[in-house]
Amino acid sequence: MAAPLNTVITGSTSGIGLGIATAFAAKGWNVMLNGFGDAGEIEGVRAGLEDKYGVKVLYNGADMTKPEEIRNLIAEAETAFGQVDVLVNNAGIQHVSPVEDFPEEKWNAIIAINLSSAFHTTKAAFAGMKKRKFGRIINVASAHGLIASPFKSAYVAAKHGIVGFTKTIALEGAEHGVTCNAICPGYVKTPLVEKQIPDTAKARGMTEEEVVHKVILEAQPTKQFVTVEQIGALAIFLCSEDAAQITGAAHQIDGGWVAH
Ligand code: NAD
């Protein structure tokens with residue numbers, strides 16, 4: 001049996017990141033969790049995954065706005081696991097507001113967490129991957145990495161940015177066994193989406209019920225949310241040998257949203 005992969009997933013205490021972490025642990029891979037939340041709950045998740053799947057699951061609470069903490073996160077994973085084979089840049093936040101009212105601190109935080117953190121993690125993990133001639137970098141972008149919606153200026157800018165970053169890293173890793181891909185989900189029912197419903201309702205002058213049906217599910221031709229399990233399965237495929245020639249691509253998993 002092949003040795004288990006050693007993985008780091010930013011923003012994995014909730015939502016999509018936790019879904020990917022669970023899929024990786026179920027596959028027998030070691031996982032470094034990261035993200036914010038209640039310390040007791042995070043420890044429960046960490047120990048639960050470790051017990052259920054018999055893999056090493058660690059947690060580092062690095063703040064993705066702080067480059068030094070990000071470097072320490074990668075260094076801790078390299079020390080604990082011996083190496084980092086898979087890096088998933090997933091941490092992200094959202095803020096919904098017309099551009100003229102968009103708070104500068106929200107713009108800066110979104111660019112830092114949703115875009116710049118991926119530069120810092122990749123910079124720290126890349127040399128080891130190149131040296132070992134194997135690495136998988138997966139950036140959780142968004143349908144908003146490919147198309148725009150009003151009132152999400154920072155998010156759309158950061159997500160388009162990370163799709164560009166993905167292509168550059170793919171080229172730099174191409175001859176070294178290191179692939180880099182973006183996953184572009186449509187709407188997934190996580191706390192990130194649930195929290196923006198009231199603000200979207202305000203910005204568009206709708207009720208929250210109308211936002212779910214007329215804005216969120218209206219965007220997805222299948223009229224269904226994408227699930228974190230479906231994203232976890234795509235991430236696992238991108239880590240496989242079968243995906244060795246898939247690099248620099250932005251993979252839509254959005255119920256057909258970007259198709260229209
Ligand atoms: P979520 O709110 O459930 O999870 C976000 C995670 O990021 C949490 O673990 C949180 O603690 C962590 N995080 C936030 N700020 C951080 C910081 N400064 N440092 C470290 N960790 C931090 O959201 P989600 O929906 O699971 O989103 C995950 C990713 O998927 C994001 O990049 C998001 O943009 C992207 N995405 C989500 C959707 C969706 O519909 N939910 C769609 C497309 C893309």
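The lining of the second largest cavity splits into 5 nonpolar, 2 polar and 1 charged residues (Ala, Val, Leu, Ile, Met, Phe, Trp, Tyr, Cys and Pro count as nonpolar, Asp, Glu, Lys and Arg as charged, the others, Gly among them, as polar). This is a predicted model, where local features need pLDDT of at least 70 and side-chain atom pairs pLDDT 80 or more, while totals for chains, interfaces and linings use all residues. Numbering runs from 1 along each chain as its sequence is written, and side-chain values use heavy atoms, without hydrogens or water.

That cavity holds about 30 Å³, and its lining includes K152, Y187 and Q196. A cavity here is a set of points on a 1 Å grid over the protein atoms alone where a 1.4 Å probe fits but cannot get out, and lining residues have an atom within 4 Å of a point. The largest cavity has about 40 Å³ of space, with T10, N90 and K159 among its lining residues. There, α4 (104-132) gives the most, with 4 residues.

Now the ligand: 30 residues surround it, with S14, N90, Y155, V188 and T190 the closest (near means a heavy atom within 4 Å). Their makeup is 16 nonpolar, 12 polar and 2 charged.

| Side chain | Ligand atom | Distance |
|---|---|---|
| T13 | oxygen | 2.7 Å |
| D63 | nitrogen | 3.0 Å |
| K159 | oxygen | 2.9 Å |

Alone, the ligand exposes 820 Å², and the protein buries 94% of that (Shrake-Rupley method, 1.4 Å probe).

Methods. A polar contact is a pair of N or O atoms within 3.5 Å; within protein, one must be able to donate a hydrogen and the other to accept it, and residues adjacent in sequence count only if both atoms are side-chain atoms. On a 1 Å grid over the protein atoms alone, a cavity is a set of points where a 1.4 Å probe fits but cannot get out, and a pocket is an open set with protein on both sides within 12 Å along at least five of seven lines; lining residues have an atom within 4 Å of a point. Grid points are joined across faces, edges and corners, and a volume is the space filled by probe spheres set on the points. Helices (H or I, at least four residues) and strands (E, at least two) are DSSP runs, numbered from the N terminus.
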